[in-house]
Structure formats: structure tokens, C-alpha cells
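Reader: I am new to this structure. Could you walk me through it in short steps?

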Amino acid sequence: MRDLYIDGAWVEATTSSGGRAVLNPYDGSTVTTVSEAGPEDVDAAVNAARRAFDEGSWPATPARERGDLLRRVAELLQRDREHIARQESIDTGKTLAEGRIDVDDVTNVFRYYAGLADADAGRVVDTGDPGVVSRIVYEPVGVCTLIAPWNYPLLQICWKIAPALAAGNTMVIKPSEVTPLTTITLVGLLEEAGVPRGVVNLVLGDGATVGAAMVRHDAVDLVSFTGGLATGKKIMAMAAEGVKRVALELGGKNPNVVFADADFDTAVDYALAAAFVHSGQVCSAGARLIVQDRIYDEFVAELGRRADAIRLGNGLDDATECGPLVSTEHRAKVERHIEQAIAEGARLVAGGGRPSEPELANGFFLRPTVFADCTRDMTAVREEVFGPVVTVERFHDEAEAIRLANDTEYGLAGAVWTNDASVAQRVAGALRHGTVWINDYHPYLPQAEWGGFGKSGVGRELGPTGLDEYREAKHIYHNIDPAPMRWFSGAPKEG
């Protein structure tokens with residue numbers, strides 16, 4: 001199995017583990033088996049990236065040429081759109097429609113950073129001295145370790161690779177061991193597009209072994225990770241040992257606030273999408289629904305009715321509206337959250353268990369679940385469930401809505417629904433979350449920063465700031481007419 005890509009070649013892992021089976025969440029069948037890297041493979045990959053940065057041409061390649069490579073990658077993604085979308089559906093369980101959207105989204109990300117690569121040549125600083133030229137220039141950070149999660153394997157790794165390449169870095173990338181397939185395909189496209197030897201290196205394996213070796217390696221300059229809070233804390237601590245730069249996106253517990261004057265049908269429709277797209281396995285999922293008391297009971301009843309009508313099935317089936325969870329282990333974790341919510345007094349309105357259809361019995365499915373009469377002391381309200389579960393809280397006025405929405409240790413995203421523009425702007429301004437939607441949910445733009453407050457992470461992806469994460473600012477101060485300073489009193493030696 002030559003699934004690792006190191007120093008410009010597809011190679012087998014040095015370990016003899018026999019590889020890891022990749023399962024289809026729809027029916028639990030084995031899709032394929034891929035290599036599992038060991039510490040020696042990580043060392044080879046990082047050293048290849050180090051050589052490519054220190055001795056290779058990529059960091060000094062003109063920015064316009066780096067942008068051209070990104071454009072070629074975008075073209076190849078569109079050429080292979082259907083194949084990659086199917087791979088993503090089979091690997092993660094999401095619908096084929098979602099897979100196609102992911103391919104289109106990452107295509108736009110590569111195109112955006114292709115245009116941004118040569119758009120910023122630095123700036124001149126006015127020193128007030130005509131004999132001095134002072135410039136700020138931007139240079140690549142160096143060797144980057146990029147680690148992506150299992151829920152959006154293609155999307156999240158591209159959010160990292162595109163700006164890292166645009167800035168001139170080299171890298172070692174690792175997808176989740178659960179969903180590696182589209183990342184392997186992407187590296188093949190990068191190779192086809194002409195990425196130089198050693199600039200992009202791919203290793204596969206679990207976080208505890210392979211990921212930790214990547215983070216701790218002395219030759220790594222930056223670590224970018226998207227995943228859970230507990231793992232993010234460990235990565236931050238490991239990176240601190242080498243004083244490495246870190247960029248972390250660690251999820252959220254995202255409030256979706258609905259005022260009574262919002263369009264009722266539209267708000268319910270978006271509440272379903274906010275909570276249940278990709279079976280709720282989305283870092284920005286609207287898993288905390290906060291509804292004004294005047295419409296609370298009616299809203300909860302309609303939300304539950306529509307949640308019960310969501311069609312589960314194979315992501316490749318056009319009739320499917322929601323796919324399975326990613327693994328049996330993750331489903332068990334979500335089921336424990338459901339059991340605990342019931343034990344803590346939440347009222348089950350919809351779902352709460354596995355589907356009864358025989359054709360879904362072998363897959364990792366859960367019915368979309370709605371809990372009402374939820375309070376802030378409940379575990380399901382405070383912790384990231386990361387599954388098809390939405391909790392519904394009640395608020396009376398604007399001040400209480402803001403207080404509830406901000407009562408979380410996270411701060412990734414949130415939304416407010418109202419027909420009152422003044423209320424919308426006040427609430428959006430008061431929310432301590434990195435992205436706030438008004439009368440919408442889920443869209444993002446490559447040119448707009450993405451990231452969170454609090455324990456949702458450190459740094460930003462996308463937008464100009466997403467490029468800055470992979471650049472170092474350097475100040476060059478040029479005295480164009482130097483003369484002796486005479487700071488000290490000693491006269492120059494005569495003769």
C-alpha cells in the first residue's frame with residue numbers, strides 16, 4: 001500500500017501494522033485499507049519538508065507562480081468533482097449533494113488564495129528621515145504541520161494547504177485516520193499540478209502516535225489543527241515545548257437565537273439545517289436553539305414534527321436528506337449524551353434513538369433528536385455533542401437572549417433571527433462569537449475570516465488573516481546615507 005507521499009514519491013509505511021480499514025458509515029462495510037505511518041515515516045516527511053524549505057526553490061518562487069499552481073489545483077478539483085464528491089460521501093456518510101458543495105467550496109478557496117498570493121508585497125514605513133528606507137516584507141513561516149478532522153476532511157485540509165502554499169511554506173499533512181480518502185486524492189492532484197518535491201508530504205495514522213510525532217518534531221515551525229477541544233489543548237501544550245506557532249479551530253456550542261417577529265416557517269427551516277446538516281457533525285452547527293417565549297411552544301412542536309420527517313439513508317441516494325454518523329464509536333458517544341439529557345430532565349420531542357428501517361441497521365445512524373425545556377446547567381446544552389441533537393432554550397427579552405447566547409466557553413458561531421434590523425445589529429454586535437449570521441445559517445466565504453472566541457481556538461482561517469497565519473513579518477531598515485554616529489566620545493584613529 002503506497003498511500004504515504006514523502007519527498008515527492010508515493011511510498012509504503014515502514015511499520016508492519018497491516019494498515020487500517022476505512023469503513024463506509026452507511027453499512028459498516030470496508031471501502032479499502034490504507035497505510036499507517038509510524039514515527040520513522042513522520043521523521044522522513046518532516047525532514048523532506050525541511051530540505052524543500054531550506055534548500056529548495058519553493059519559498060523563493062515568485063508569488064504569481066505560486067498562485068498559478070493553486071489555480072491549476074482548482075481546475076483539477078473541478079475536473080474530478082464528481083469522483084471526489086462520491087469519495088467524500090462514502091468516506092464520511094454525508095450526502096452526495098454535500099460532497100459536491102465541499103468540492104466547489106474548496107475550489108473557490110484555492111482560487112481565492114491564488115489571487116491573494118501576489119496581492120501584498122508589503123508596505124513602506126514612513127520614518128520621517130529622508131535618508132532611511134523602512135519596509136515591512138512577508139516571508140513564509142517554514143515547515144508546517146497541518147492536521148484535519150474527520151467531519152470535513154477535504155474542506156478543512158484545503159483551508160490550510162491553500163494559504164500555506166500561497167505564502168511559500170512546505171508542509172506535512174495528516175487527515176483523520178477515519179476519513180483519509182479525499183486527502184489522498186487531493187495530494188495526487190497537487191502532484192499533477194506540479195508541486196515541487198518535498199513541498200507537500202502526506203502521512204496517515206492516528207493522532208496519538210502520528211499526530212503527536214508531527215507536532216513535537218524539532219524541524220516543525222507551525223502547527224495548524226482542527227478538531228476537538230481536548231486534543232487541541234494537548235497539541236497546544238506539545239507545541240509550546242518547541243515554542244512553535246499554533247493555529248487551532250476547536251469547535252463550538254453555537255447559539256441560534258429566534259425572536260418572535262422572525263418569519264416562522266423560514267426560521268424553523270433554517271433551524272433544521274443548522275442542527276442536522278451532516279447529522280450535526282459540524283463545528284458550527286446550531287445545536288443550541290434559543291427561542292423567544294411567545295412562539296416557543298409552537299416552534300418546538302413544528303421543529304419536532306419536521307425533524308421526524310427527515311429521510312435517512314445512503315449518501316449516494318438522491319432521496320437521502322441526512323446520512324449516518326461517522327463511526328460506531330462516535331454514535332455511542334452521542335447516544336450517551338442523549339441518555340444523560342433525558343436523565344437531567346430535558347423533554348424529548350423527536351428522535352432519541354436509532355432508526356427502525358432494516359436497511360439502515362448496519363449503518364451508524366441516529367434519528368435527528370430535539371430536546372425542549374432545556375436549561376444552561378444541562379450537559380447537552382454546555383458540551384459539544386457533535387451529532388444530530390438540538391437543545392431548545394427559552395428567552396423573554398433581548399437582554400436575556402444575549403446573556404444565554406454568550407453563556408458558553410466556546411465562541412465559534414451564532415445566528416439571530418428577527419425582522420427588526422436594529423435588534424439584529426445590536427444582538428450581532430453583542431455576541432462573542434467569531435461568525436454571526438443574521439437571518440441565515442451556515443454560509444462562509446473564502447475571503448471572510450473564520451475562527452472563534454474563547455475555547456473555540458486560536459487564530460483565524462480564510463480571508464487575508466488566514467494567509468497571515470502562514471507568514472512572518474520582517475522589518476528591513478535601510479540607512480541609505482550612513483555616517484559615523486559618534487555616540488561614544490573616542491575620536492577615530494588618525495592615519
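Author: Let us start inside. This is a predicted model. Thr391 has 2% relative accessibility. Buried means under 20%, so Thr391 counts as buried.

Reader: Where is the place of Thr391?
Author: Thr391 belongs to a strand. That strand covers residues 389–395. The element is strand 16.

Reader: Which residues does Thr391 touch, not counting residues up to four places away in sequence?
Author: Sequence neighbours up to four places away are left aside here. The partners then include Ala287, Arg288 and Leu289. The list also holds Phe371, Cys374, Ala380 and Val381.

Reader: Where is Phe386 found, and is Phe386 buried or exposed?
Author: Phe386 sits in the loop that links helix 12 (379–382) to strand 16. Its relative accessible area is 16%. The limit for buried is under 20%, so Phe386 is buried.

Reader: What is the phi of Phe386?
Author: Phe386 is not a glycine. Even so, its phi is positive. The value is about 60 degrees.

Reader: How does His442 count by its relative accessible area?
Author: His442 lies in the loop between strand 18 (435–438) and strand 19 (457–458). Phi of His442 is positive too, near 90 degrees, in a residue other than glycine. Its relative accessible area is 21%. Buried needs under 20% and exposed over 50%, so His442 is partly exposed.

Reader: Is Ala421 buried or exposed?
Author: Ala421 is in helix 14, residues 421–430. Its relative accessibility is 55%. Exposed means over 50%, so Ala421 counts as exposed.

Reader: What separates the C-alpha atoms of Ala421 and Phe364?
Author: Along the chain, Ala421 and Phe364 are 57 residues apart.

Reader: On to helix pairs. Why are helix 2 and helix 4 described as roughly antiparallel?
Author: Helix 2 spans residues 63–79 and helix 4 spans residues 96–116. Their axes are 8 Å apart and pack at an angle of about 165 degrees. Angles over 145 degrees count as roughly antiparallel. The relation of helix 2 to helix 4 is therefore roughly antiparallel.

Reader: Which residues of helix 2 meet helix 4?
Author: Helix 2 passes helix 4 in a left-handed crossing. On the helix 4 side, the contact includes Val103, Phe110 and Tyr113. The contact residues of the pair divide into nine nonpolar, four polar and three charged. On the helix 2 side stand Gly67, Leu70, Arg71, Val73, Ala74, Leu77 and Gln78.

Reader: At what angle do the axes of helix 7 and helix 8 cross?
Author: Helix 7 covers residues 207–216 and helix 8 covers residues 229–241. Their axes come within 8 Å. The crossing is at roughly 35 degrees.

Reader: How do the residues of the contact of helix 7 with helix 8 divide?
Author: Helix 7 brings Ala212, Val215 and Arg216. Helix 8 brings Ile235, Met238, Ala239 and Glu241. The tally is five nonpolar, no polar and two charged.

Reader: Now the whole chain. What is its radius of gyration?
Author: The chain holds 15 helices and 20 strands. For 495 residues the globule rule gives 23 Å. The chain comes close to that, so it is as compact as a globular protein of that length. Its radius of gyration is 25 Å.

Reader: What share of the residues of the chain count as buried?
Author: The C-alpha trace spans about 95 × 55 × 40 Å along its principal axes. The chain has 495 residues. The buried share is 56%.

How values were computed. Residues numbered from 1 in each chain as written. Predicted model: local features only at pLDDT ≥ 70, side-chain atom pairs only at ≥ 80, totals over all residues. Heavy atoms only, no water. Axes fitted to C-alpha atoms, helices over the stretch in contact; angles between N-to-C directions. Helix = DSSP H or I, 4+ residues; strand = E, 2+ residues; numbered from the N terminus. Parallel < 35°, antiparallel > 145°, perpendicular 65-115°, else oblique. Left-handed = near helix turned anticlockwise from the far one by under 90°. Contact = heavy atoms within 4.5 Å. Nonpolar A, V, L, I, M, F, W, Y, C, P; charged D, E, K, R; others polar. Rg over C-alpha atoms; globule rule 2.2 N^0.38 Å. Buried < 20%, exposed > 50% of the residue type's maximum accessible area, 1.4 Å probe, protein only.
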